[in-house]
Amino acid sequence: MEESPSKEQTPDLKSMLKKLSAGASYRRMLAAREQGKPICVASAAVPVEVLYAMDVYPVFPESLAAIAAGIRKAEEFFEAAREKGFSNSVCSYTRCGLGIAWTQKSAFGPIPEPDLFITDVSVCCLHVTWWAYLEDHFKKPTFYMDMPATDDPWDPDYVAYYEEQIRAMVRFIEENTSSRLSMEKLKEAVRNSDLAGLYWKKILELRQDRPSPVSFRSLAGEILPLVTALGDKDCADFYWALYESYKQQASQGYCPAQGGERFRLIWNGIPIWHHLQVITYFEEKGANFVWEPYTALSWGNKTPSGRLDAENPFHTLAEKYTNVLTNMPLERRFGYFDQAIRDYKVDGLVMFSNRSCRPQSIGQDEVVEMVRDAHGLPVLIFEGDQADAEGFSMQEAKTRIDGFLEVLEGRKRS
Amino acid sequence: MQKQTRSEVLERFRQGFLGRHQSCAEWKNKGRGVIGCFYGLVPREVIHAAGLLPVQLTEERDGRLEEKAGLLPFLCGMSKNITGQIYEGRYDYLDGILVGAVCDTNRHVLDIWAHRKVVPYLRLLRTPSTANPAAWSFYAADLRRLAEELGRMGGQRVTEQRLWESIGLYNENRSLMEKFRHSRQALGISAEDALYVFASSLVMPVEEHNSLLRSLLEGPAQAPGSASGTPGVLVSAMNLNMALDLIRLVEEYGGQVVADDLSHSARYGLSKIALEGEPFLALAKGYLRRVPTPGIYSFQERAEDLAEQMRLSGARGLIYLVQLYCDAFAMEYAILKERFDLWGIPHMRLEAEDNPASLQQLNVRVQSFLESLV
Ligand code: SF4
Ligand code: SF4
């Protein structure tokens with residue numbers, strides 16, 4: 001099955017992105033509140049398609065934290081967390097997200113009081129403690145999409161348990177709001193999500209071209225609807241239009257790296273939201289990121305077939321959401337790098353050792369070791385935090401990038 | 001057998017903990033298996049029922065160990081220390097390690113251990129974060145699989161009867177520890193000795209620990225040694241060496257640790273396993289959301305328990321000691337703090353590393369806190 005959502009239209013990417021921008025989502029949330037729709041504070045790996053189908057408006061504190069960090073407005077939230085006794089060793093998304101919850105402020109304006117809290121338990125333990133705190137502090141109905149720690153996320157019993165969790169989440173929403181699930185709407189939402197994921201994957205595949213027409217800097221912004229708006233037809237339309245636009249750029253030989261694509265790189269980790277210029281700096285120096293686990297493995301259609309089966313919505317969503325990279329053994333994670341290095345003709349790796357996100361950072365060194373053994377590629381390791389700029393120096397980063405690019409240059413010459 | 005004096009019994013607890021590597025190696029030399037437990041969410045009952053010795057992985061003070069681990073700088077000293085011990089061969093007697101996820105660090109350090117194949121058998125428990133019929137039956141199924149694997153390893157099939165017997169022994173241990181917790185002041189046992197009573201429970205065969213506890217509790221009561229003006233505090237800590245340093249620091253500044261809340265998430269004295277139904281299901285019900293662990297245990301219950309301990313022991317303040325980079329308990333503190341503030345419980349958080357100098361740097365804070373309690 002392959003279809004474009006609205007092939008007859010000429011894609012107007014700008015206006016589509018505008019509809020899905022963080023600011024537009026904020027305005028939609030206010031409208032949802034006025035219409036009496038429930039607002040739910042959700043963690044990033046909750047099956048958002050179900051929320052969409054049930055007309056529950058999700059607010060994602062991690063996305064809000066990333067946005068606040070991106071526009072350098074997170075400090076006041078960190079300060080609020082410090083005042084409340086939260087140590088800096090707690091993930092910056094959590095501290096910033098809680099700051100947003102206490103102050104009910106966001107980059108776009110005040111956040112209306114939510115009705116529900118829903119979290120997944122798959123990605124990290126903080127997703128449990130953080131929401132447990134929200135439940136405890138704000139006293140709202142809270143649901144935990146239970147996904148126990150595992151190193152075998154493909155086990156059918158495990159997937160079945162999670163499938164039941166999705167059904168339980170539906171019951172929870174029905175018990176606590178006036179929303180009711182329509183299976184037709186859910187199937188439609190899954191169809192839209194599938195198309196969004198499909199076109200996202202196609203965009204990523206365009207990066208196998210030499211030069212790759214896609215800038216990681218741009219993708220870091222364009223990924224937002226894939227986190228927050230799955231289920232929505234606008235979202236599927238947007239990714240189709242985005243794909244068409246990148247395809248056209250590819251045919252014209254466009255390359256985001258200035259002076260042509262001299263090096264093709266992998267970025268491992270969450271983007272450094274407070275200093276996305278780091279990526280731009282690479283691009284200015286002729287280095288182009290062509291693959292990232294964050295864009296390729298964390299979002300989109302993560303089922304074994306790479307598609308979602310709208311006729312089996314609960315099962316397909318269970319397969320998708322249980323497929324969590326950090327729940328896989330390191331050898332398996334290396335396998336993805338190994339494949340990407342071959343498919344995308346990679347020259348080097350940039351690893352972001354993120355002090356906030358332990359699940360992503362633990363084991364990174366071992367994967368690097370495996371990559372070095374198998375491919376002998378140069379690796380640059382940055383230490384820092386995805387949202388908290390404390391201790392980060394752009395000047396230092398530039399010096400290290402320059403040194404790394406010199407090594408790559410040397411290899412090219414030899 | 002001649003009755004032991006109280007100080008002899010206390011010395012056996014101390015040696016039981018400090019000499020753990022040696023006694024485990026001896027156990028192993030007798031042809032019996034040893035399984036390491038990475039924290040209190042691992043149900044030791046199943047290990048015991050398979051004829052194996054469950055031993056909690058605990059920190060050991062030796063500055064070189066953290067470096068040896070080669071883990072990321074922003075990870076807690078506990079994970080580094082234990083990893084360092086494993087790499088150094090101090091846990092070579094282990095037949096396997098079970099990990100129950102308490103935090104992202106203890107869960108994911110397993111990935112590295114698995115990659116480096118540090119033990120023949122390494123297993124992550126699939127512990128749900130919820131407690132409801134679906135979660136209990138999912139967890140019980142995982143425990144049944146675990147029992148089969150361990151049964152093969154230990155050469156003793158985990159029958160229902162054996163499992164009930166093991167549950168009974170650990171329940172007895174929980175009751176005795178609870179009793180000890182309430183009577184340690186009346187027995188005149190120092191905070192440092194009390195720490196070893198708890199610590200040894202993590203590494204000793206349960207039968208031996210129960211028998212020592214019974215001897216300890218049988219002895220006559222003594223007048224508590226505290227002077228009336230001495231401010232008593234409750235110390236909550238994860239890291240046992242750091243807790244010891246803190247006990248000494250408090251005493252140095254004229255305070256007294258009258259109650260403790262020591263754990264590796266193993267404040268397991270709180271919850272007994274109900275002896276009803278099918279044993280794996282009973283274990284699931286006894287463990288899920290019943291072991292005080294940040295996020296998967298009611299904050300209200302946890303705060304109430306601490307407040308109750310303070311009331312019973314007469315503690316006037318609470319010192320919550322967090323190991324640097326332990327995000328799990330740093331977060332728990334911040335959440336409990338709301339209640340401590342509301343209830344007017346004097347409290348203080350200390351964040352330090354596992355070396356005496358790190359805590360010593362905070363001595364002025366400890367001193368001022370104690371002064372504020374007088
Ligand atoms: S620890 Fe990682 S996965 Fe968890 S909230 Fe923070 S950034 Fe997200
Ligand atoms: S609970 Fe704290 S000390 Fe223990 S492994 Fe986790 S982060 Fe480290």
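Reader: What area is buried between chain A and chain B?
Author: Buried area is the accessible area (1.4 Å probe) that two parts lose on being put together, summed over both. Carbon and sulfur atoms give 59% of this area. Ala149(A), Arg358(A) and Ile362(A) supply 16% of what chain A buries against chain B, more than any other three residues. The area between the two chains is about 4000 Å².

This is a predicted model: local features need pLDDT of at least 70, side-chain atom pairs count only at pLDDT 80 or more, and totals for chains, interfaces and linings use all residues. Residues are numbered from 1 along each chain as its sequence is written, and side-chain values use heavy atoms, with hydrogens and water left out.

Reader: How many salt bridges does the rule find across the interface of chain A and chain B?
Author: A salt bridge is a side-chain nitrogen of Lys or Arg within 4 Å of a carboxyl oxygen of Asp or Glu. Asp155(A) forms one with Arg126(B), the closest N and O atoms being 2.9 Å apart. Across the interface the rule finds 7 salt bridges.

Reader: Which helix gives the largest share of the side of chain A that touches chain B?
Author: Helices are DSSP runs (H or I, at least four residues), numbered from the N terminus. Contact means heavy atoms within 4.5 Å, and 48 residues of chain A are in contact with 45 residues of chain B. The largest share of chain A's side, 8 residues, comes from α7(A).

Key. Chains are lettered from A and ligands numbered from 1 in the order in which they are written. Helices (H or I, at least four residues) and strands (E, at least two) are DSSP runs, numbered from the N terminus.
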